[in-house]
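Q: I would like to learn how to read a structure like this one, feature by feature. Could we go through it together?

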Amino acid sequence: MNFKQLEAFQAIMLSGSTTGAAERMGLSQPAISRLLAQLEEDLALRLFVREKGRLSPTAEAHALLHDAQVLMDSAQCFRRHAEQLRLGGFKRRLLKVAVPSTLATTLMPVLAKRFMQAHPDVVLEVLSGSYNDTERALLSRDADIGLVRLPMEMQGLNTRVSLDSEAVCIMPRGHALEGLAEVSPTDLIDVSLILLGRQRQIRHDIDMAFRQRRVQPRVALEVHSISEACAHVAQGLGVSIVNALLAQHCPYEAITSRPFRPRIAYQLGIATVNNAPASPLHDTFTRLLVEAMEAPSPAVALPSAP
């Protein structure tokens, strides 16, 4: 029995499938199945049975889940202690924060400076990627705090704070759409669009809004982060529809925005793993992150709906 087997066991219990466990751990589905088979062989216990094509945990699996979690938490504490020693000894603390790529190079440097001036004994590690990457990082204890999209896709995480937002249409300054109070799909007929990739929830909502108005969007570019969308819009390559809360931190004076209608609502959350121990340090960083997220950037004025 080894740590990887226990990790696979817990991931299957949380996700309900080897496919979901593979996504959490960044492994292939066959690799997860092998780890499970090895664990069952080492323990001489049947942990899952297949019913109607789905894995169902046995009573033995439920009985062992808590013990597996205790062992994994101990291993993570060991690794964290080793990281703290590597970074400077017992007197230094490590805080690992995961945020979307858009914020990693815009909001986070300013926030990190403010936080580290108040906490010079803390080493801050910033991870960036997709929301799914953040959820996986939290579950694997590679991150202490993460900014995620709600509702979360993975179980085992707790929302500390939620932030409401909505979609806006961003455009180059001087664009014809700037004269509108709000932008709808009918206003975007034959307008070049820069949209987030089709696998994202916001893209699904945007496509639905266009279908409901019977408008065929003219997609010129597909990108994979809001910062990319803002950069292409700033070059005059088209307009985009993005989350207002993140777009307001894109550092481009060459773009502006208008509310998008029909309204597409979004909710972000600051999350930790379930049963994470109380930490004043986490509370402080969470408060600073919320304040920074809600403070509009001077470079991009995002007007409210009239």
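A: Let's start with the lining of the largest cavity, which by class has 6 nonpolar, 4 polar and 5 charged residues. Here Ala, Val, Leu, Ile, Met, Phe, Trp, Tyr, Cys and Pro count as nonpolar, Asp, Glu, Lys and Arg as charged, and the others, Gly among them, as polar. Please keep in mind that this is a predicted model, in which local features need pLDDT of at least 70 and side-chain atom pairs count only at pLDDT 80 or more, while totals for chains, interfaces and linings use all residues. Residues are numbered from 1 along each chain as its sequence is written, and side-chain values use heavy atoms, with hydrogens and water left out.

Q: What are a cavity and a pocket?
A: On a 1 Å grid over the protein atoms alone, a cavity is a set of points where a 1.4 Å probe fits but cannot get out, and a pocket is an open set with protein on both sides within 12 Å along at least five of seven lines; lining residues have an atom within 4 Å of a point. In this model, the search finds 1 cavity of 30 Å³ or more. The largest cavity has a volume of about 160 Å³, the volume being the space filled by probe spheres set on the points, with grid points joined across faces, edges and corners. Its lining has 15 residues, of which E7, Q10, M72, L139 and S140 lie nearest the centre. Helix α1 gives the largest share of that lining, 5 residues.

Q: Which residues lie nearest the centre of the largest pocket?
A: They are R141, D144, V273, A276 and P277, out of 30 lining residues. The largest pocket holds about 740 Å³ of space. Its largest share of lining, 8 residues, comes from α4. By class, this lining has 12 nonpolar, 10 polar and 8 charged residues.

Q: How do I read a helix for buried residues?
A: An α-helix has 3.6 residues a turn, so residues three or four places apart point the same way. Helices (H or I, at least four residues) and strands (E, at least two) are DSSP runs, numbered from the N terminus. Take α9 (residues 226-234): I226, A229, C230 and V233 are buried, meaning under 20% relative accessible area, with exposed over 50% and partly exposed in between (1.4 Å probe, protein chains only). Seen down the axis of α9, these buried residues fall within an arc of 100°, so they line one face of the helix; the arc is that of the directions from the helix axis to the C-beta atoms.

Q: Which residues of β10 are buried on each side?
A: I255, S257 and P259 are buried on one side, T256 and R258 on the other. With 5 of the 5 residues of β10 (residues 255-259) buried, the strand is largely enclosed by the rest of the structure. Strand β6 (residues 157-172) pairs with β10 in the antiparallel sense over 5 bridges; two strands pair if DSSP finds at least two bridges between them. V168 has P259 as its bridge partner in β10.

Q: How many aromatic pairs does the structure hold?
A: A pair of aromatic rings is described by the distance of the centres and the angle of the planes. Rings of Phe, Tyr and Trp (its six-membered ring) pair if their centres lie within 6.5 Å; planes under 30 degrees apart count as stacked, over 60 as edge-to-face and the rest as tilted. The structure holds 2 such pairs. The rings of F9 and F48 have centres 6.1 Å apart and planes at 65°, so this pair is edge-to-face.
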